Amino acid sequence: MAYLTSMTWADAFPNLLIGLREGLEAGLVVSILLAALRRTAGEGGRVSTAPVWLGVVGAVAVAASFATVLTFSTDVLSSGGQEAVGGLLSVLAVVLVTGMVFWMRRTAASLSGELRSKVAAASQVGAGALAATAFLAVGREGLETTLFLWTAARASGETVSPLVGAGLGLALACLICWLLFRRAIRVNLGVFFSRTAFALIVITAGVLAYGLGELQNAGLLPGHTWMAFDVSGTIPTSSWWVTLITGVTELTTRMTVLQVVAWAVYLGVTLTLFVRAARSPASARPAPETGPATGAPVPRAAGVPTGAPAAQPVGSGLLGRRGPWTVGIVIVAVPALVATGVVLFLPSGGSASDGTRVTVTSSGCADGWSTAHAGAQTFQVANRSGRAGEINLDNASGAIVAEIETLGPATTGTMNATLGAGQYTFKCLMSGRGTTSSKAVTIDAGSASTGRAPVAVKRVSVADLQPAATRYRAYVAPKLATLAKQVEAIRQDIAHHHMDTARKDWLPAQLTWDEVGAAYGSFGDLGDAVDGLPQGLPGGVHDKDFTGLHRLEYGLWHGAGTGELLPVADRLKTDVATLRRKLPQVTVDPTDLPVRSHEILEDALRDRLTGAADQGSGAMYAETEADVAGTRVVLNELAPLIEPRSPKLLPTATAQLDSLDSALRATRTRGGWQPFPDVPLARRQQVDARIGSVLETLASVPDLLEVPLSR
């Protein structure tokens, strides 16, 4: 009970809605089948409902078997394989659920008639056919629900909360169906399904975004470094409102362009089509009537047509001619046997060739780990804790020897390590729980003579990053002094109506600001005032809050005069002076620097090289070159921490940055920067390719220098 009170209800709510809606659909199908069977039996006739219930049990067996295969088959995949399968199944779940929403609206008017005719036909064949009819009618709902819940569990990084939410939803659906059957309540189910469809579409849009993100991480789709936004450093992800939004919509604080576009397009198109379908005359529904099975008002689609002629009575002979047990064995036992066979024949991950298998549980970390040998070895880490988390293998001094950055629930990750003499302990940092540790395992010096372990490095702390932040602050101060002089030069140009000179002087000032790079995120409102963009402002380029360097750029390249631009330059001069004065009090978060090492060029790719930041100067490549310079500064400050952890990273990144600089210089002509439209396509593509390569390399820096969360 204590766990239920602390679990993430934001993860449970969407699945409660899924369980409730799918459970009601399946429950209504069962009610229709039972009602049609009794009507087929005729007045006073007796009929056994066992075949219908046997079909229902069979459908549940198939859904449970499907869930088992999904869980254990992905469990033995690599992390990339798990991401690929999870992404593909997420997209499939979106397709199925979207189809289900529109199918329910489109076929509602004929659903009961179709099911009744199938029951009448099946009753003439035998109980086995009747059981198969119930099995097929309910089975689709079960498979859809299973796939969607499995996807939701992966997306949330939590197993228990989604399952508890779905269980509560299914239980509530069963209760409602029972009350309808007993005529205890009257529910307009047509309105219910229509209203909940909107919430379901929003949830499904988030699942689509999650699935595409998984496919990008697996390398099956491009663009995983093309970020639409990343507010993880500014928004407290542990706050209740962020957790609620993320749990309900599956939207996160860091999403790629593809994810955001797909989410918006899916939501806009699907909601529009659904609303149009609701307003069309063909979608009009007859008034609710009292169904013979439930005695409660249900849409005509969910009840049995009144006045329908009764078929021949069905008595005990139905079961006598052909008992349902043969069909029952097929539809109940076979799925379970198939699932068992699949699980048994899957690679266990525990053989000597695959490595040592260790298990993370809800209460322990690699509890069964007791022996280790020197040299290179592989660990298969199975997560049975129901939560996502980070798994580390530490030596006696607390330094990390090997790690799995993120291990999802019900998945297995591979950890490669080279161990020498010493003592080693697994540390499990699971979300929402404290750190748990395994028993220490010792490798003696004799057995370690054949293995040469790499130098382990300790976790990064805020204190480790503080010197880099201090050095960077010292770098920023003279840059702002230079910027102040450049802004004054622009102001003088504008005051004397020398607009051509002002355009020439504008670019050096903008490049100076761009070279500040990693610090601008710490300047808050002053940073926006100096270099803000019009995107997102109500008035766009004419909004009063659009100020600073880019406001001057827009005016200088769109024919603005002195009267319009001089106040902008005066305010910019004041804002830069204020920033210089407050710089000693500005807190540069040390943990931001590793993120900025990747984010500066990521922003350049998103804003500069797409033209989003350009206000008329066409200086995207010049500004990108300044971003490269800012990135080099950050990497230089972080070098003492990066080199012992990844010796090849900085040489690789430096070579790639040199190559990017070369590609950027190739866009110049006659000593000047060409406007973006004038640059040949081949050279633009070369810049894009090289910035993509360096971003791939720098993407590991934030993880490499991540400060562990306090737990």
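## Salt bridge between Asp545 and Lys544

In this predicted model, the side chains of Asp545 and Lys544 meet in a salt bridge at 3.4 Å, N to O, the term meaning a side-chain nitrogen of Lys or Arg within 4 Å of a carboxyl oxygen of Asp or Glu. Asp545 is partly exposed at 44% relative accessibility, while Lys544 is exposed at 67%. Here buried means under 20% relative accessible area, exposed over 50%, and partly exposed in between (1.4 Å probe, protein chains only).

Being a predicted model, it needs pLDDT of at least 70 for local features and 80 or more for side-chain atom pairs, while totals for chains, interfaces and linings use all residues. Residues are numbered from 1 along each chain as its sequence is written, and side-chain values use heavy atoms, without hydrogens and water.

## Two more pairs

The structure holds 17 salt bridges. One of them joins Arg632 to Asp658, with the closest N and O atoms 2.8 Å apart. This pair links distant parts of the chain, 26 residues apart: Arg632 sits in helix H19 (residues 620-645) and Asp658 in helix H20 (residues 649-665). Helices are DSSP runs (H or I, at least four residues), numbered from the N terminus.

Asp575 pairs with Arg571 at 3.5 Å between the closest N and O atoms. They are four residues apart in helix H17 (residues 562-582), so about one helical turn separates them.

## A network around Asp514

Asp514 belongs to helix H14 (residues 499-516) and is buried, at 2% relative accessible area. Salt bridges link Asp514, Arg608, Glu623 and Asp627 in a network.

Definitions and conventions: Helix = DSSP H or I, 4+ residues; strand = E, 2+ residues; numbered from the N terminus.
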